[in-house]
Amino acid sequence: MNSVRFISNTLAKKHSNGRFHPESPQRIEMIENWVSSQLGDDISFEISDKLASKDDILSVHTEDHHDLIEKTKNYDGHFYFDGDTAANSYSYEAAMQAVQIGIQAVFESTRNSSIFCLVRPPGHHATQHTPQGFCIFNNIAVGSQIALNKKKYQRIAILDFDHHFGNGTAYINESNPNILYISTHADPRISYPGCGFSDEIGFGEGRGFNIPIPLGYRASEADLEISFDSIINPIIYQFKPDFLAISAGFDAYERDPIGVLGVTVDGFRHIGKMIKKITDNLNIPYAHFLEGGYNINLLPELVSAYIDPFIGKEDFKEKINPSLQIKEETKTTIQNSKRVLKDYWSL
Ligand SMILES: [Zn+2]
């Protein structure tokens, strides 16, 4: 029996980016309500108030970054780091809790029981020195780096299917050959954060270990499937990670209010299946980190579809909707990736 442990932070719904912001407390509330209605042998829910330590944060972030966020504890109202990322007086501790749950997820997830970090704020845009893109600290990068530092794992793959390129995760790990970062995301020419082109493959020893896969307008699970078959699976099987950390964002959904991609509800089930197959074939533990996803009403359905394969609800034979065509731009992206990565991986 496979199970998923959802863990949320007590301050997840207290952190705020300001009124009418898409990254709202209701996101957690909606998913939490759904999880509460599903409790059983295969789905559980916990809530944690444990804080990461400052040293944990410094494993990937600068001291200035940490201290800036800490100071917002005493700020009255919203402190804006940029036009769309803010903190209120709860945000510092909410972010420290989110990081702590991320660390717990990497250390406690097993092959049969994965942890889903049901946390706010999300993390994958936060760089070494900057909160940005609705993110304060990089939950997945901190958890992964601490697991490597403590020799819990030797090689970690981070797979990010959020609509947006996880520039924070990419920059933090761009010189690190022990963390493979693979992201599918909307083409940077039409989407935040404006980077994540096919040739941004890392530096120095980490060159070849950052794999951006930009997808065109309205790209769907058909485009994700060919990306997995052509690029993601071959590279992950050659890298042979001993842990898979998943940046699970749900803004690639076709009716997301801020997204431009076209993944259907069933598409998220298909993404879950493709990822589950990787972890089964490699026989490795894995954990899920909530990133984006802004269609508040549909969010529980998207999370549910994605989680189904991890609790044994789907078999792997089911095909995607044949009316979804692979975009020309995706074929170009795959050609570009094969060209720039040919010295590092056989594709
Ligand atoms: Zn996103």
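**Group meeting: a walk through the chain**

P193 sits in the loop between β7 (179-186) and β8 (210-215). I start there for its backbone. Y192 and P193 are joined by a cis peptide bond, with omega at about 5 degrees. Keep in mind that this is a predicted model.

There is another such bond. R120 and P121 are linked by a cis peptide, and omega here is about -10 degrees. P121 belongs to the loop between β5 and α5 (139-149). Why point these out? Most peptide bonds are trans, and most residues other than glycine have a negative phi.

R218 is not a glycine, yet its phi is positive, about 65 degrees. Look for R218 in the loop between β8 and α7 (221-239). Is R218 buried, exposed or partly exposed? R218 has 15 C-beta neighbours inside 10 Å, so it counts as partly exposed.

N283 also has a positive phi, about 55 degrees, and is not a glycine either. The loop between α8 (265-282) and β10 (286-290) holds N283. With 8 other C-beta atoms within 10 Å, N283 is exposed.

Stay in this region for a moment. I284 and T110 are 174 residues apart in sequence, but their C-alpha atoms are 7.7 Å apart in space. T110 is in the loop between α4 (91-108) and β5. T110 has 14 C-beta neighbours inside 10 Å, so it is partly exposed.

Which residues of α1 are buried? They are R27, M30, I31 and V35. Down the helix axis, the buried residues fall within an arc of 135 degrees, so they line one face of α1. Q26, N33 and S36 are exposed on the other side. What covers the buried residues? The cover includes strands β1 (3-9), β2 (43-48) and β5 (113-118), plus helix α9 (299-307).

Last, the whole chain. It has 10 helices and 10 strands. The radius of gyration is 18 Å, close to the 20 Å from the globule rule for 347 residues, so the chain is as compact as a globular protein of that length. Its C-alpha atoms fill a box of roughly 50 × 45 × 40 Å along the principal axes. Of the 347 residues, 54% count as buried. Take contacts between residues at least 6 apart in sequence: 78% of them join residues at least 24 apart.

How values were computed
Residues numbered from 1 in each chain as written. Predicted model: local features only at pLDDT ≥ 70, side-chain atom pairs only at ≥ 80, totals over all residues. Helix = DSSP H or I, 4+ residues; strand = E, 2+ residues; numbered from the N terminus. Rg over C-alpha atoms; globule rule 2.2 N^0.38 Å. Buried ≥ 20, exposed ≤ 12 C-beta atoms within 10 Å, placed from the backbone. Contact = placed C-beta atoms within 7 Å. Arc of directions from axis to C-beta.
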